[in-house]
Amino acid sequence: MKRISLLAALLVLCCASCSAERLSVTGTDIAVFASAGEDVILNCTVDTHVPLEELEVQWRKVNPDILVHLFSEGEDRPESQHQRFQDRTDLFHKELAKGNFSLKLKSLRTEDKGKYKCIAHTNSESAEAFAELKELGFSSLHIGVLLMTFTALVVSVSTSTPALLFLLGKYKSRQAWRCCLVNWCIPCIFMTVAFVLWGVIEGFMREGIMCAAVTLSRILLTLLMAPPSVNMPVTLPKVITCRAIFFIHFVILTVMFSRYSNELLRTDSPKILKIVYVAFAVFLSFVELLFCVAKGCFRGRLNQIQRYGTSGTVFDFALIINTAVFLLSYSLLASFMGAERLQLDFLQVLGYVIGMFGITVIMLILPSLLILCPGKFLFYNITSTILFILHLILVSLLLNMFGSHEKGSHGLICEVTFLYSLAAIACFEERDNIPVTLSILLYMFGTTVLAVVNSVALITELILQADSGYRRVTDLRLIVLPFECLFLMGWLGLQIYAYCVEEKDR
């Protein structure tokens, strides 16, 4: 009798143990259909007797493998989820005790399309179920972006021929003048709005705002590049043209600083670090703006010591110095915050930073030699060239280090290259001996070719992303900014050519 009682007790304990550790996860076989911008619910039910504090539930996107939402130790863990899903996921916390771990995914984006899996873990078991999100149609904002982008494409192509004939002097009607005016500004305005809206609805604000800022600045750049002998629809006074490059540099640098400051404020970094970096960003932007104003105020004084194609003052290096200071602050910030995460050698980064800082200080005080020693132009030119080459080498090494460890750094490299291209152009004064035909062709490249490239890139990205659910181009800055840099390098080449011809005629 005792044996029977003992066996019965053991059987009861085994059943209780099996019941306590039972774990099953069920989803739904029916795919979810929705449009971008809507909210959807992905169903998942977890059947277990394990307390919520001992249960871990993950929602993951299958391809690519991304952590969408994490529930662990009885609460959500938003710091662990992928950044593209931050502030867009919720669980139904009142239903968790009943095993309802369905995920509410808010403000759908086209890249959200695909398979998801709900994974439940206990100390001894794990189980999973799948859900699928299909056929993400375009929202009204997506359609608006496509219409604006397509309009920019059509306008730039249809007005390019009349604008070119007008600039070449072969077609001087009022209609051709209007076509030239439309070709100059309308595509840039439409693409600027399209980039901003695309960044907002898809969550790529870093790319969208930068592409929009660069595109809008091209309206001013193309006017600066137009030859003086051509009767442009719009002309700028000298008080604006002498400050234009500095102003564009100020806008791009401010956008970069504001973006990184915003990313820093959203981290758990020390409060003092956040305050110092934001204050430094504001200070550097103010210095940039001060240079922009001073460039025009001291224009007459600069012309008195102008030699060999450059102004021969601190303004030659102002943009280079500000870009260098931005890189210094970004390098120190990234090393301080994520040296372990990025697997960076802090001492190596510090060596690059010290080298760049030393060169920057020398470049800052070098122009004073022209005031103390007016005849040292050859020494000044040789020394500044060597310093600039050394500076670029250190910048390349530093950016290469970040590019090999941090996702998104290739976009940063493109942004810095654009800033240095502006700095190189700012070292040259305006000249009237630039070949008119080449200048017009470069102008048309800026107004038409770049507009076509940007619009085709954005249209292709939207359509392919809606079709496949993931991005084909990892970063639109890798398309937009290299072409913009090519545009600037063409202008720099014309400036160097005009300078060489001017020196030869002396």
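What follows is a chat about a predicted model of a protein.

Visitor: Before we start, what kind of model is this, and how are residues numbered?

Guide: This is a predicted model, in which local features need pLDDT of at least 70 and side-chain atom pairs count only at pLDDT 80 or more, while totals for chains, interfaces and linings use all residues. Residues are numbered from 1 along each chain as its sequence is written, and side-chain values use heavy atoms, with hydrogens and water left out.

Visitor: OK, how many helices and strands are there?

Guide: The protein has 16 helices and 11 strands; these are DSSP runs numbered from the N terminus, where helices are H or I runs of at least four residues and strands are E runs of at least two.

Visitor: And how much of the protein is buried?

Guide: Of the 506 residues, 50% are buried, where buried means under 20% relative accessible area, exposed means over 50%, and partly exposed is in between, with a 1.4 Å probe and protein chains only. The accessible surface comes to about 24,600 Å², and 65% of that belongs to carbon and sulfur atoms; such areas come from the Shrake-Rupley method with a 1.4 Å probe, and for residues only the protein chains shown count as cover.

Visitor: Which residues have the most contacts inside the largest nonpolar core?

Guide: They are Leu221, Ile245, Ile252, Phe418 and Trp491, in a core of 52 residues. A nonpolar core is a set of buried Ala, Val, Leu, Ile, Met, Phe, Trp, Tyr and Cys residues joined through side-chain atoms within 4.5 Å. Helices that each supply at least two residues of this core include H5 (205-225), H7, H14 (409-426) and H16 (477-505). Apart from it lies another core, of 28 residues, among them Phe71, Leu96, Leu105 and Cys118.

Visitor: Where is Ile245, then?

Guide: Ile245 is in helix H7, which covers residues 244-265, and it is buried, with a relative accessible area of 8%. Ile245 and Ala423 are 178 residues apart in sequence, yet their C-alpha atoms are 8.0 Å apart in space.

Visitor: Which residues make the nonpolar surface patch?

Guide: The patch of about 510 Å² is made by Ile382, Ile386, Ile389, Leu390, Ile393 and Leu397. Patches are made of residues with over 30% relative accessible area and no salt bridge, with like charges joined within 9 Å and nonpolar side chains (Val, Leu, Ile, Met, Phe, Trp, Tyr) within 5 Å. Ile382 is found in helix H13 and is partly exposed, with a relative accessible area of 45%.

Visitor: Switching to charges, how many salt bridges does the structure hold?

Guide: It holds 9 salt bridges, each being a side-chain nitrogen of Lys or Arg within 4 Å of a carboxyl oxygen of Asp or Glu. One of them joins the side chains of Arg88 and Asp112 at 3.0 Å, N to O. Arg88 lies in the loop between strands S7 (75-76) and S8 (89-91) and Asp112 in the loop between strands S9 (103-105) and S10 (114-121), so the pair ties together parts that are 24 residues apart in sequence.

Visitor: Are Arg88 and Asp112 buried or exposed?

Guide: Arg88 is buried, at 5% relative accessible area, and Asp112 is buried as well, at 0%.

Visitor: What about Asp65, which residue does its side chain meet?

Guide: The side chain of Asp65 meets that of Arg60 in a salt bridge of 2.9 Å, N to O. Asp65 counts as exposed, at 52% relative accessibility, whereas Arg60 counts as buried, at 19%.

Visitor: Which side chains does Gln58 have polar contacts with?

Guide: Gln58, which lies in strand S5 (residues 56-61), has a polar contact of 3.0 Å with the side chain of Glu56 and one of 3.1 Å with the side chain of Arg60. A polar contact is a pair of N or O atoms within 3.5 Å; within protein, one must be able to donate a hydrogen and the other to accept it, and residues adjacent in sequence count only if both atoms are side-chain atoms. Gln58 counts as buried, at 14% relative accessibility. Leaving aside neighbours within four places in sequence, Gln58 is in contact (heavy atoms within 4.5 Å) with residues including Leu67, Cys118 and His121.
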